[in-house]
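This explanation goes through one structure in running paragraphs.

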Amino acid sequence: MAATPVGSASADPKPSLQDLAKQVEKMHTEIEQLTEQYNGQREKLKSAKRAAEAAKKTLAASEADLAAKRAKAAALAENAYITGGLSRILAFATSDDPDTFLDRAATTYVLEQQQGEAVNQVTRARQAAERARASAKTRIDEVQKLISDLGAKRDKITKLVAKVESNLFRRALGEAGRPGTRAQRVDLPIPGSGKAAQAARWALTQQLKPYVWGADGPNSYDCSGLVMAAYQQVGISLPHYTGSQWTAGRHIDRSELRAGDLVFFYSDLHHVGIYLGGGMMIHAPRTGDVVRIASIANRPYAGAVRIAD
């Protein structure tokens with residue numbers, strides 16, 4: 001009886017729609033995390049560029065000071081050479097007027113003292129210039145590293161966005177019943193006349209504009225970009241980064257929430273919205289979505305910050 005041939009191992013089963021949906025949700029979270037890291041690096045880059053410019057100015061001033069002190073020292077050295085060319089003893093012995101000679105000798109001594117101090121000043125100025133040069137190089141190197149890091153994060157986000165927007169994942173999310181309800185413009189009355197309420201009211205006017213990572217308006221936003229733009233409208237400057245927005249005001253209890261307060265989510269604070277009242281916020285959710293109103297109960301709440309009254 002012939003042996004039955006062993007068949008080849010069966011291929012791995014294709015992932016189910018639910019599995020694909022979970023994958024894309026995970027990628028959306030990663031995009032948001034990377035986006036806020038990217039925004040944080042951009043804020044650091046602004047500071048680093050300012051520091052680099054200041055270091056360049058300090059270096060230029062230090063080198064100018066060094067050049068001036070070198071010129072002064074050279075002039076004193078030249079003068080000392082001219083006035084001290086002959087032996088003082090010989091000059092004193094042959095002088096018809098010892099008093100005049102002593103006056104000249106005293107002047108020469110003063111010049112020598114000045115020359116010594118000038119040399120010390122040149123030494124100190126050279127050391128200051130060297131420190132300034134090292135500082136400028138450090139700042140410039142820091143800028144270059146941040147630019148390189150930004151490029152790497154930008155590339156990674158771009159690839160992730162392309163993946164979650166692919167036909168495969170679009171279909172998987174659609175058939176799995178996500179991303180949820182279609183966004184609609186909602187007009188909510190926001191009580192209060194303070195800057196926080198004004199910022200919340202302005203944010204409502206941005207409904208249905210698309211989420212774009214790294215964007216801060218006027219046509220698209222990411223989560224911290226929407227917050228920054230809203231408060232910019234009322235004269236308050238905030239950084240475009242959730243980590244910095246978290247420290248930009250007074251932390252308040254959830255029971256104290258009122259319109260305009262910033263509400264943060266997830267342990268790494270990678271998402272932020274503007275509270276509206278009644279447990280609702282306005283936010284820029286994620287790639288493929290738009291600025292919309294949502295419940296704060298649907299995400300892991302991390303805390304709240306009051307920027308203004």
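E53 forms a salt bridge with K56, with 3.7 Å between the closest N and O atoms. A salt bridge here is a side-chain nitrogen of Lys or Arg within 4 Å of a carboxyl oxygen of Asp or Glu. Both E53 and K56 belong to helix α1, where three residues, about one turn of the helix, separate them. Helices (H or I, at least four residues) and strands (E, at least two) are DSSP runs, numbered from the N terminus. E53 is partly exposed at 42% relative accessibility, and K56 is partly exposed at 40%. The exposure classes are buried (under 20% relative accessible area), exposed (over 50%) and partly exposed in between, calculated with a 1.4 Å probe on protein chains only.

The model is predicted, and local features need pLDDT of at least 70, side-chain atom pairs count only at pLDDT 80 or more, and totals for chains, interfaces and linings use all residues. Residues are numbered from 1 along each chain as its sequence is written, and side-chain values use heavy atoms, with hydrogens and water left out.

Side chains of opposite charge can pair when their charged atoms come close. How many salt bridges does the rule give? The count is 13. One of them joins the side chains of E30 and K156, at 3.7 Å from N to O. This pair links distant parts of the chain, since E30 is in helix α1 and K156 is in helix α3, 126 residues apart. E30 has a relative accessible area of 27% and is therefore partly exposed. K156, at 43%, also counts as partly exposed. In another pair, the side chains of R250 and E256 meet in a salt bridge at 4.0 Å, N to O. R250 is partly exposed at 46%, and E256 is partly exposed at 37%.

The strands come next. Strand β1 (residues 250–252) runs antiparallel to strand β6 (residues 301–306), and three bridges join them. Two strands pair if DSSP finds at least two bridges between them. H251 stands opposite V305 in β6. Strand β6 also pairs with β2, again in the antiparallel sense, over four bridges. F265 stands opposite Y301 of β6.

The interior holds nonpolar cores, each a set of buried Ala, Val, Leu, Ile, Met, Phe, Trp, Tyr and Cys residues joined through side-chain atoms within 4.5 Å. Which residues touch the most other members of the largest core? They are Y231, L262 and I274, in a core of 49 residues. At least two residues of this core come from each of α1 (17–83), α3 (98–164), α5 (195–204), α6 (223–232), β2 (262–265) and β3 (271–277). Helix α1 gives the largest share, eight residues. Beyond its neighbours within four places in sequence, Y231 is in contact (heavy atoms within 4.5 Å) with A196, A199, I236, L238, G260, D261, L262, I307 and A308. Another core, of eight residues, lies apart from the largest one, and I252, L257, F265 and I296 are among its members.

Leaving aside neighbours within four places in sequence, Q245 is in contact with S224, V227, M228, P239, H240, L262, F264, V272, V305 and I307.
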